[in-house]
Amino acid sequence: MENVWFHVDMDAFYASVEQLDHKELRGKPVIVGGHSNRGVVAACSYEARDFGVHSAMPIFMAKRLCPQALYVTPRMNRYSEVSRNIISILKTFSPHVQQISIDEAFLDMSGTRRLFGIPRECGAALKKKVYDETGLIISVGIGSSKLIAKLASDYDKPNGLCRVSKNREIDFIDSIALKKIPGIGRIMLVQLEKYGIDSPGKLRTYTLDHLQRLFGETSGDFLYNVCRGSDPGMYAEESKSRSISNETTFESDTFDIAVIRSYLLSLSHQVAYRMIEQKVHSFTVAVKLRLDDFSLVSGQLTTESPFLSAEEIYHAAKSLVDTKWDRKRAVRLVGVGLNNVQDGEYSPQQTLFEDPLYSKKRAVEKVVSSLITEGKPLQKATSMSVRKKQG
Amino acid sequence: MKFVCPKNSLLKEIVLALDFTSQRNTLSIVSNVLLETSDNQLTIKATDQKIGFTTTIEVETIEEGSTTVFADKFLGILRALPDEHIIFEEIGEKLFIHPQNKSIDFSLRTISSDKFPELESSSKEFFSVSQKDLFEMIDQTIFAISDDETRYFMNGVYLEQQNMTLNMVATDGRRLSLIERTFEQSFPEFAPIIIPAKFLSLLKKGGTGEGEISISITDSIIFASFGSQFMYSTLIKGQFPNYRRVIPAKQPNICTIDIKKMNEALKRVSLLVENKAKRIYLDIEDGFVTISSEESDFGQAKEIIPCTYSGPSVRLAMNYSYLVSPLRVMAGNEFDLCFSEANKAVSVKPNPEKDYFHIIMPMQID
């Protein structure tokens, strides 16, 4: 049986959801991202892309390129909700849907020809169904492997439908610039350039052995495979370790430990809510600090009992920052995460001494987490303004 | 400073002293050992400022004096030298080391001994206790301590005294080991303390297991001495959990099993136990226990051994290492597995009963 993979990419996802929900934004350049000049573009509509704006670009640059753009604050809850809807539509086409981010998924469509027709027709039907039910446009790439499918969806975006048949794969790869290939980053591009490698075709003239000597065993293996259109297993499903993490860039670089801690606390809550929502637990808390010179300080702490509440995550994160950050450089960004996330709300190992305080806090966090999932507006008590009593 | 001594008599002490130095910062005085010689005696001192060690050995003093050298390299050199008399001499800021009859020369940078921190000394009286008893108490508990630094108050063994009895308890929050030993002597009163695990291993490393050991306990430090060796450690500050509360009062079901058979079965079954949770199942029935691993990608292991049991059939799940470590140090031929129901605490006791037992929290069965 022939392997058939679909890669679905929701076009300019956040911006499209905003245009869908707000008529006045349609047909206009829309930029989703923080209002502050230090933020980055989370997503932008195709109208904004015409001005040269792209995602991950600093907001101040986007404003310079496209001053007339409409700036929108991200509404992650809404995007997650729409994403869930689309994924559930995808699941009516294949029992095997692998979501790889909020706006991307792979579908294993092998052996569905009798059910849904030839891949191209099936892809068109999928696009139509998503549009009819959500009003959103997706691009679909079809190939014999996840790699080819992913490249194909990218090739024909927006509103794309691209199928690469098995015998055309090498030609297809050759039509793609190296920098468009997932897994080839800026640093590797520079290295490749050094050896005069500027296309997949040139890459194919190197033996595996040679590539491994130049780039190391893993990268060499990756490059050897990717330029031949064979999937190096980038999107292998059994990810060795899962993690949950959130990070924030400060309005301005800071030395103030109180500010850093208050962000650690709120990030710890965000991470804990996601952990509770996903019904997982973890024994490892990690923190990350980006300093004003863009250097990275990170650390992690593994304990024998799992972190079950935001409070516990915060305490670990705080002590990590205390030991890892020497306070010689200002902090630009902080991140808190859980590594080696494991399934199950609790660890099956029972304990002798339950800390009653933590069990209560966890119960509260569970309620808050479910409210967040339902999209209820929440405000932290500490962030409410207090009016001083008169007299 | 200049002295001569046989290599092995010094080596033995430096091996021990090294464990009391700080291994973190090689340029610091607390990574060094202090050597001080007078009256044909050499005093060796080491401390990382939490734990400290001093000992005295016989040497031939040629010139009195004192200095400090980097313990790790000093030990390395001693180990490498031939087994004969060695001459140690400080000239300038270097300690020259060479065997009397060979042309082997080492010199080690020294740091002046007046920079060496003062060692602690006890303000309280010392009491004697048999090394054999104390070491047995350590053996029965030390494996259960937690090495999770966030729960520092469980990183040691809890020691409390009641008249003629000493109790040692250790727990990591999921299992607990307890020994209550009654002596034919009474002890000076002291409030319960938490002794760092490292110090207990150092005591065992320094001691012979025979004769007595002298102990003194102050509010913040425990001192111990045997022979010419003297060591101390600051205690762990913090509230040890109320362990009495978690000792099950009633456990109607008792399953008696041969220790050796269980150990062997655990060894075999553990080959296929998943590394993280280390979960095994014990299916206990009238007359036999089935020990099995979870079905994994690799496969499954199962072994049936006889037991004496008359309660209802039950399945227990637990981390196998929590069973292995107490059984490894348990005396006698048989042990009792005592429990009330599947998800409640399990007790592991020698049969016939002795003055120690262990409690294991099981894992949930899904």
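Housekeeping first. Because the model is predicted, local features need pLDDT of at least 70 and side-chain atom pairs count only at pLDDT 80 or more, while totals for chains, interfaces and linings use all residues. Residues are numbered from 1 along each chain as its sequence is written, chains are lettered from A and ligands numbered from 1 in the order in which they are written, and side-chain values use heavy atoms, with hydrogens and water left out.

Let me start with chain B. It holds an open sheet of 8 strands. The order is E14-E11-E12-E13-E25-E24-E23-E18, and the pairing is antiparallel. Strands here are DSSP runs of E, at least two residues; helices are runs of H or I, at least four residues; both are numbered from the N terminus. Two strands pair if DSSP finds at least two bridges between them. Strand E14 (193-196) and strand E18 (253-258) of chain B are the edge strands, each pairing on one side only. From one strand to the next, the twist averages 25°. For angles, axes are lines fitted to C-alpha atoms, for helices over the stretch in contact, and values run from 0 to 180 degrees between N-to-C directions.

Look inside that sheet. Strand E11 (residues 156-162) and strand E12 (residues 165-171) of chain B are antiparallel and share 5 bridges. Leu159(B) has Met168(B) in E12(B) as its bridge partner.

What lies across it? Helix H3 (residues 131-141) of chain B lies across E11, E12, strand E13 (175-182) and strand E25 (356-360), at about 165° to E13(B). Helix H4 (residues 197-206) of chain B lies across E11 and E14, at about 65° to E14(B). Contact means heavy atoms within 4.5 Å.

Now a helix pair, also in chain B. Helix H1 (residues 7-18) and helix H2 (residues 71-80) of chain B pack at about 150°, axes 10 Å apart. Residues of H1(B) in the contact include Leu10(B), Leu11(B) and Ile14(B); those of H2(B) include Phe74(B), Leu75(B) and Leu78(B). By class, the contact has 9 nonpolar, no polar and 3 charged residues. The classes: Ala, Val, Leu, Ile, Met, Phe, Trp, Tyr, Cys and Pro are nonpolar, Asp, Glu, Lys and Arg charged, the others, Gly among them, polar.

Over to chain A. Here 3 strands form an open sheet, E3-E2-E4, with mixed pairing. Strand E3 (41-44) and strand E4 (70-72) of chain A each have a single partner strand, so one side of each lacks a neighbour in the sheet. Strand E2 (residues 30-33) of chain A runs parallel to E4(A), joined by 3 bridges. Ile31(A) stands opposite Tyr71(A) in E4(A). Helix H1 (residues 13-21) of chain A packs on this sheet, touching E2, E3 and E4, at about 115° to E2(A).

How do the chains meet? The buried area is about 1700 Å², with 55% from carbon and sulfur atoms. That is the accessible area (1.4 Å probe) that two parts lose on being put together, summed over both. Glu304(A), Leu352(A) and Phe353(A) supply 45% of what chain A buries against chain B, more than any other three residues.

Last, the charges. Between the chains there is 1 salt bridge (side-chain nitrogen of Lys or Arg within 4 Å of a carboxyl oxygen of Asp or Glu). Glu304(A) meets Arg174(B) at 3.5 Å, N to O.
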